[in-house]
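Please read it alongside the sequence and the coordinates.

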Amino acid sequence: MATPIKRIEKDLFLKILYDEQLPIIFLRNRTEYVLWVEKPAKDEICLLSDRPIPGLKPRRKMNLMFEYLERIITFSLEIDTIRDNHITAKTPEFMYKNLGRSHSRVVTPPDLQIQFTFRGDRYSLSFPKITNYEPEEITGFMKNLNPQDLNGLIEQLAVWIHSFASGYKLVMFKDVKPSTAEERLIAETGKSIFLPSTLGALPETDPHPKKRLVTGDMLKRYLESTGVGKQYLDEAAARFIRSKFDAGIFSDAWIPIIFQEYVIGYIHLWVSKEGLPPLNYEIIDTLYQFTRILAFSLKIKGYLKNEPFTGNVIDISASGLLFAYPNSDFTTALQPDSELSVKLSTPKRTANATAQIIRRYNDKTTYYFGCRFLDMAPEDIHFLFEFIYGKPFTDADAYFLAGHV
């Protein structure tokens, strides 16, 4: 297991690297380069490579290792300058010992494609995403509905809606992307558009404790994002609602169908027949509950299939990898001990593994996830090792990796 080296010992190793001119190994694109420390390292370390390293640029990271008294020491640098075979960087903050040579991390080869897929009940889907989502319990008579019977659910929905509305549509965003103003509003906010009367206006504030409704300000922000000038927002918002009345709709509602943080579709219902009472808050609440049952039914019927996602894989070893993903609600599901299915594709073959998140950390914009490979077939271990290191897989490597993969 990797053990951090204390500062005093680290400074001693930096001195030994220069005094004894120990070779430092850098692996890139399955090629091994040798570097030496050119002068005593204080705040800066200066390295000389045995030959030019193609593709290396300032601000790129280098994972380096050297051997001293039969121990492998590793450390990382971020390049400040590079000229010919000369490289400068700030002295490493950390060094690590007690690693095997085969465990060293390398920059991901460009012809290695890596995809991740959630395991269990967490999903990655190509539907519109909302930034804030709080799961809610299903209550009332909805508990008596059978999510196993998807067709039956939809038939029940139609019968119920036709008892008080002129018509309705059930639309999924799987094959049709949001295009109308209403579709974009509910896809971006995850909230319902509710107009008891199309001679009125959207609410100024959302009276529901869970804040489920699109307000007048939300509509104006959307209109502004489409290019409407601020001085025309009130007029444009009023025209948006009045157009519904002019089209013969007296009461209107659009309720999103939400699964985890994804808006997977919506239910649109309306009243266009004179004499029918307008839609009310009780109807909206009931439909909101129904969409939760419907989303669950779509999941268990296989309509929602977990899709692979790609993180920015920073480096990889024969026993694990480090990848980055922008800070978002998506990253909240990536916790230590979580497991992901990993597909590692090369031009010649594909390897599969389970990756367990061992550690995570973040900066202002990005989360980083250190993963350990689990359940990788021996032939895949063998292939991955030779692919990323560009050297034969030996019995000694197999012995070492047996405790890590």
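## Strand pairing around E5

Strand E2 (residues 24-28) pairs with strand E5 in the antiparallel sense over 2 bridges, where two strands count as paired if DSSP finds at least two bridges between them, and where helices (H or I, at least four residues) and strands (E, at least two) are DSSP runs numbered from the N terminus. Within this pair, Phe26 has Leu64 of E5 as its bridge partner. On E5 there is also a pairing with strand E6 (residues 71-83), antiparallel and joined by 8 bridges, in which the bridge partner of Phe66 is Ile73 of E6. Strand E5 (residues 61-68) is mostly covered, with 6 of its 8 residues buried; buried means under 20% relative accessible area, exposed means over 50%, and partly exposed lies in between (1.4 Å probe, protein chains only).

The model is predicted, so local features need pLDDT of at least 70 and side-chain atom pairs count only at pLDDT 80 or more, while totals for chains, interfaces and linings use all residues. Residues are numbered from 1 along each chain as its sequence is written, and side-chain values use heavy atoms, with hydrogens and water left out.

## Overall form

The secondary structure of the protein comes to 8 helices and 19 strands. The radius of gyration is 29 Å, whereas a compact globule of 405 residues would have a value near 22 Å; this radius is taken over C-alpha atoms, and the globule rule is 2.2 Å times the number of residues to the power 0.38. The C-alpha trace spans about 95 × 50 × 35 Å along its principal axes. Of the 405 residues, 48% are buried, and the protein exposes about 21,000 Å², of which carbon and sulfur atoms supply 52%, the accessible areas coming from the Shrake-Rupley method with a 1.4 Å probe. Among contacts between residues at least 6 apart in sequence, 64% join residues at least 24 apart, a contact being heavy atoms within 4.5 Å.

## The seven-stranded sheet

An open sheet is formed by 7 strands in the order E9-E15-E16-E19-E18-E17-E10, with antiparallel pairing. Strand E9 (106-107) and strand E10 (113-118) stand at the edges with a single partner strand each, so one side of each is left without a neighbour in the sheet.

| Strands | Bridges | Sense |
|---|---|---|
| E9 and E15 | 2 bridges | antiparallel |
| E16 and E19 | 7 bridges | antiparallel |
| E18 and E19 | 8 bridges | antiparallel |
| E2 and E5 | 2 bridges | antiparallel |
| E5 and E6 | 8 bridges | antiparallel |

A hairpin joins E18 to E19 through 3 residues, and E19 is mostly covered, with 8 of its 9 residues buried. Helix H7 (residues 378-389) lies across E9, E15, E17, E18 and E19, and runs at about 105° to E15; axes are lines fitted to C-alpha atoms, for helices over the stretch in contact, and angles run from 0 to 180 degrees between N-to-C directions.

## Nonpolar cores

The largest nonpolar core has 96 residues, and those with the most contacts inside it are Ile264, Leu269, Ile316, Phe323 and Leu344. Such a core is a set of buried Ala, Val, Leu, Ile, Met, Phe, Trp, Tyr and Cys residues joined through side-chain atoms within 4.5 Å. Helix H6 (residues 281-300) contributes the largest share of this core, 8 residues. A second, separate core of 26 residues includes Leu35, Met62, Leu64 and Ile73.

Not counting residues up to four places away in sequence, Phe323 touches a set of residues that includes Phe116, Phe309, Leu334, Leu340, Tyr367 and Phe369.

## Individual residues

Gln260 is in the loop between strand E13 (251-259) and strand E14 (262-271) and counts as buried at 13% relative accessibility. Asp375, in the loop between E19 and H7, is exposed, with a relative accessible area of 65%.
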